[in-house]
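Okay, everyone, thanks for coming. Let me put the structure up and talk you through it.

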Amino acid sequence: MTQLASADKKKRATKAKPAAMKSLEVEGHEPTVGKVFTENPKMTMRNVNVYYDDKQAIHDVSIDIAKNEVIAMIGPSGCGKSTFLRSLNRMNDTVDICRVEGEICMDGENLYAPKLDVVELRARVGMVFQKPNPFPKSIYENVAYGPKIHGLADTRVDLDEIVENSLRKASLWEEVKERLHQAGTGLSGGQQQRLCIARAIAVSPEVILMDEPCSALDPIATAKIEELIEELSENFTIAIVTHSMQQAARVSHRTAYFHLGRLIEVNPTEQVFTMPQHQLTEAYITGRFG
């Protein structure tokens with residue numbers, strides 16, 4: 001009798017489990033749903049796994065990023081989206097305990113090939129971080145630094161042109177043209193982030209990675225960065241990690257949802273936010289967890 005009562009109690013507890021909790025228990029080996037691959041990929045990732053020592057942070061992720069696409073990566077804190085983003089230009093190489101397995105290619109070239117020049121790679125695949133990080137140099141020198149290092153300017157006139165064009169593309173030129181030799185750290189937070197974007201595009205990258213670029217900014221500065229992302233997508237491929245689903249909806253063409261280190265769904269952004277294909281995606285965007 002006691003055993004029957006215990007079994008009945010366990011059965012009732014199972015029935016009473018919230019839908020959000022059930023959705024968290026979806027088998028991790030399920031394949032990613034949606035439009036994962038593209039016809040005109042700039043970057044291709046296949047079976048990517050990332051480990052920190054023995055802890056696996058990314059599980060078997062495969063996805064394409066199309067040329068001139070803005071793709072947003074969303075998901076709860078700790079789901080692996082920033083770790084995955086940092087793998088795309090080998091920023092994880094700076095973490096001793098981190099190792100990356102699988103294939104990450106740009107235009108068919110293996111970015112983890114032993115002889116690949118990582119410094120050159122990070123010029124081709126630039127990165128803008130969560131917190132604005134201008135160098136302790138003038139506004140001019142912040143933007144000129146990369147072109148100098150990579151030998152992109154033969155004369156001072158060439159360098160001046162690169163700096164001006166980069167600041168114009170970052171929608172910052174009109175605000176700073178009279179104070180180019182003042183410290184970049186003296187700018188407002190939003191201006192500093194646009195300076196970092198100008199610094200990234202000064203070396204003519206092919207891809208720009210953005211890791212929560214607006215999380216430290218006020219709404220007005222955020223709006224400027226979002227407008228800038230739309231403009232930059234005409235010339236660059238952009239992958240952005242964001243905690244703001246509203247931002248993902250505003251700036252991206254496709255959205256990729258990560259959960260517990262796995263890529264759950266990739267679909268056109270409008271579809272993800274109106275008719276998600278996977279129950280985990282739906283649970284996240286409706287606020288049932290995350």
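This is a predicted model: local features need pLDDT of at least 70, side-chain atom pairs count only at pLDDT 80 or more; totals for chains, interfaces and linings use all residues.

So, let's start with a pair of helices. Helix α5 goes past α6 in a right-handed crossing. Who makes that contact? On the α5 side you've got Ile-139, Tyr-140, Val-143, Ala-144, Pro-147 and Lys-148, and α6 brings Arg-156, Leu-159, Asp-160, Ile-162, Val-163, Ser-166 and Leu-167. Sort the residues of that contact by class and you get 9 nonpolar, 1 polar and 3 charged.

Now the geometry. α5 covers residues 139–149 and α6 covers 156–169; they pack at about 115°, and their axes are 9 Å apart.

Mean pLDDT for the protein chain is 91, with 90% of residues at 70 or more. The stretch to watch is residues 1–26, where pLDDT stays under 50; the model has 15 contacts beyond four places in sequence for that stretch.

We have 7 strands in an open, mixed sheet, ordered β1-β11-β10-β4-β9-β8-β7. Which strands sit at the edges? Those are β1 (33–34) and β7 (125–128); each has a single partner strand, so one side of each has no neighbour in the sheet.

Further in, β4 (70–74) and β9 (237–241) run parallel, paired over 4 bridges. Take Val-70: its bridge partner in β9 is Ile-238. And packed on the sheet is helix α8, residues 189–201, touching β7 and β8 (207–211). The direction of α8 makes about 170° with that of β7.

That's my tour, happy to take questions.

Conventions
Residues are numbered from 1 along each chain as its sequence is written. Side-chain values use heavy atoms; hydrogens and water are left out. pLDDT is the predictor's confidence in each residue, from 0 to 100. Contact means heavy atoms within 4.5 Å. Axes are lines fitted to C-alpha atoms, for helices over the stretch in contact, and angles run from 0 to 180 degrees between N-to-C directions. Helices (H or I, at least four residues) and strands (E, at least two) are DSSP runs, numbered from the N terminus. A crossing is left-handed if the near helix is turned anticlockwise from the far one by less than a right angle, and right-handed if clockwise. Ala, Val, Leu, Ile, Met, Phe, Trp, Tyr, Cys and Pro count as nonpolar, Asp, Glu, Lys and Arg as charged, and the others, Gly among them, as polar. Two strands pair if DSSP finds at least two bridges between them.
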